[in-house]
Amino acid sequence: MSFQDASGNDLVKGIGLSDRCCPVDVPEEQAQSGSVKPDLYALDIIVPAPCRSAIAPSRFEAPGITMYKYNGSYILKFGYAHFESECPDIEMITFKLKCPYVFGDDAVHEFVTYWENTNEQNGNGEYAKCNRIEFEGREIASIIHEKKGPAGGYTSVAAIILEDSKNQ
């Protein structure tokens, strides 16, 4: 997700990274991607009860957040995975995020996301696409889906506009 204030300012840009990429020795402000420093946020991922044991840590912090640049904006990607065989067709995942750098406060902000199974597979299982996000009483339905890489998979990207942000 990208986060912007009502004026269109990017609220993720400049967030601290514990590592960075492309190449790894670039200055932080020029990084195209990297892991967000774990002390800058708290993230909780909530899935339906039967699926809780199926959620596995991704290759990032568990659960973790990475930042990457996409179409000129800085995106936060919540890192987690689940195994389709252990929990088929998760339709709803709730993310609870506390990130003063982005939100300008110490509150926990909740995103309820709704997913659709694509029935497309690679060697690791099936992929899902996010088709709706609910955030602070608003529905975010404008979501970009981009198929990535030769192994397939989707990246679902949405812009969240914060009406009361730290930059106003």
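Author: Let's start with Phe-103, which counts as buried because its relative accessibility is 4% (buried means under 20% relative accessible area, exposed over 50%, partly exposed in between, with a 1.4 Å probe and protein chains only). Before going on, please note that this is a predicted model, where local features need pLDDT of at least 70, side-chain atom pairs count only at pLDDT 80 or more, and totals for chains, interfaces and linings use all residues. Residues are numbered from 1 along each chain as its sequence is written, and side-chain values use heavy atoms, leaving out hydrogens and water.

Now to the rings. The whole structure holds 7 aromatic pairs; rings of Phe, Tyr and Trp (its six-membered ring) pair if their centres lie within 6.5 Å, and planes under 30 degrees apart count as stacked, over 60 as edge-to-face and the rest as tilted. Phe-3 and Phe-103 make an edge-to-face pair, because their planes stand at 75 degrees, with ring centres 5.5 Å apart. Phe-3 belongs to strand β1 (residues 2-5) and Phe-103 to helix α1 (residues 100-103), so this pair ties together parts that are 100 residues apart in sequence. Helices (H or I, at least four residues) and strands (E, at least two) are DSSP runs, numbered from the N terminus. Phe-3 is buried, too.

Phe-103 also pairs with Phe-111, in a tilted arrangement with 6.5 Å centre to centre and 40 degrees between the planes. Phe-111 counts as buried because its relative accessibility is 0%. Finally, Phe-3, Phe-103 and Phe-111 belong to one aromatic cluster that also includes Phe-78, Phe-95 and Phe-135.
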